[in-house]
Amino acid sequence: MDIAGIGHYFFNLDIIGKSMNLLLSGLLVTLQVAFFVILIGFSTGLILALLTTVRMKYVGKTLKILIRIYVDVLRASPYLVLLSLVYFGLPFAGINFSTFWATVITFSACLSAFIEENIRAGIEAVDSGQTEASRSLGLSAFQTMFNVVLPQALRISIPTLTNRTVAITKALSMASAIALPDLLKQARHAQGIFANPSPLIAAAAIYILLFFPFVRLIMFLEKRWRYDH
Amino acid sequence: MTGFAENFFNTEVIARSSHLLFIGLITTFKLVILSVIIAMILGLLLAVLRNANRRWLNPIIIAYTDILRSCPIIVLLMLIYYALPFINIKLPAIGAAIFAISINGSAYYAEIFRSGIEAVSRGQHEASRSLGLSYIQTMINVILPQAFRIVLPPLTTNTLELIKGSAVASTVALSDLLRQAMQAQSMTMNATPLVVALIVYLILLIPLVQLIHYFEDKSKAEA
């Protein structure tokens, strides 16, 4: 092990400075993808959860089973396998996505499956007496859901929701494997240019600095809003 | 429609690439089983050490878990496989993958086991200590069995995530299932190998998802 080389090869400030532009452009792409994934994934998951829990005559049993299959399959699929299928496999069916949108679609779908699970669990955890009471007070199914049940359900599931969302955002860096110009890819690119892994170390540091507050936040939320049975 | 079946469910392509995919499957098995076991043991050790509450040890363990939980697995893997050789630490692809996935997983398991240990009532600990059991004996015979049962749901979920994350090993030239599928795909100009790889992963992992459902239903019934 070359200890003397650590300074030159891992913490070379000169090279890190030169590659900052590249790294920051990569960070921007990462944040953009994360934004869309969270937006689309969360709203889709919420809608799916509502569809599975609401008891309305328009929402048939087959739909609920289909959603269940969707959720189970997406929860069991490795991200990179799905991503490769969407980016490399779909073109065989004539569907071509850019690396950006292939990443967004794949990870939003995965996130929506997790969100659906969590929100549904939260909704089911809200005492059924709440629903019965509000229905007998004359509130419609919609009003019951949005004004009574959902706020309580979300409060219960927020720690797990943030946990899953952060986990998916971390997993986004896998998209560098399909050449998405995110932070990791740009760092590897810079490493190739300068023949020095310091940009990679800098990228890792940026990731850690980015996610560390969220990891702490999740710990805080789980401690504070622990659902005691 | 026939074009779809030809491009995604082509039996001839499956037959031609089956040996390639099989090699990948074996490698994936080795990778996953070793990584999960090492990660769990390491995580358990860290949780027990953390619970012992030594002043000088706690900051180290907290730093370890926080940093490794904030770092994406692929970044860690890239560091170990592409950066370490610059200071003359060259690990083979499978060694690097197992190392990266294990230490990343150990940080998550450490947190899970820690919350399980803390959830076991303090009275248990005090009672067994006053009965003369040492700290280690208390841990192994009294606290850990209860803690394990408590955290079984998040434990399975985390293991599922670990196994799903192991597919990144394909990016560092490890011949796991995904990588072999990608090679077969470029060789045969057909997307079937990728579909097969996904189906194999589903066959392996959907039972785990069902197990998670079972635990969720159980805890709901107990509530």
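In which sense, right-handed or left-handed, does α4(A) pass α5(A)? The crossing is right-handed. The model is predicted, and the points below are grouped by topic.

**Helix pair in chain A**

- Helix α4 of chain A (residues 79-89) packs against helix α5 of chain A (residues 99-125) at an angle of about 135 degrees, and their axes are 9 Å apart.
- The two helices, α4(A) and α5(A), are therefore oblique to each other.
- From α4(A), the residues A:Y79, A:L82, A:L83, A:V86 and A:Y87 meet a set in α5(A) that includes A:T99, A:A102, A:I105 and A:F107.
- Sorted by class, this contact of α4(A) with α5(A) has nine nonpolar and three polar residues, with no charged residues.

**Contact between chains A and B**

- Chain A gives 43 residues to the contact, and chain B gives 40 residues.
- On the side of chain A that touches chain B, the elements giving two or more residues are α1 (4-10), α3 (61-76), α4, α7 (141-171), α8 (183-194) and α9 (198-224).
- The largest share of that side, nine residues, comes from α9(A).
- By class, the side of chain A that touches chain B has 30 nonpolar, eight polar and five charged residues.

**Positive phi in chain B**

- Most residues other than glycine have a negative phi.
- B:N53, not a glycine, has a positive phi of about 60 degrees; B:N53 lies in the loop between α2 (11-52) and α3 (57-70) of chain B.
- B:N53 is exposed, because 8 other C-beta atoms lie within 10 Å.
- B:M189, not a glycine, has a positive phi of about 55 degrees; B:M189 lies in the loop between α9 (177-188) and α10 (192-222) of chain B.
- B:M189 is exposed, because 9 other C-beta atoms lie within 10 Å.

Terms used. Residues numbered from 1 in each chain as written. Chains lettered and ligands numbered in written order. Predicted model: local features only at pLDDT ≥ 70, side-chain atom pairs only at ≥ 80, totals over all residues. Axes fitted to C-alpha atoms, helices over the stretch in contact; angles between N-to-C directions. Helix = DSSP H or I, 4+ residues; strand = E, 2+ residues; numbered from the N terminus. Parallel < 35°, antiparallel > 145°, perpendicular 65-115°, else oblique. Left-handed = near helix turned anticlockwise from the far one by under 90°. Contact = placed C-beta atoms within 7 Å. Nonpolar A, V, L, I, M, F, W, Y, C, P; charged D, E, K, R; others polar. Buried ≥ 20, exposed ≤ 12 C-beta atoms within 10 Å, placed from the backbone.
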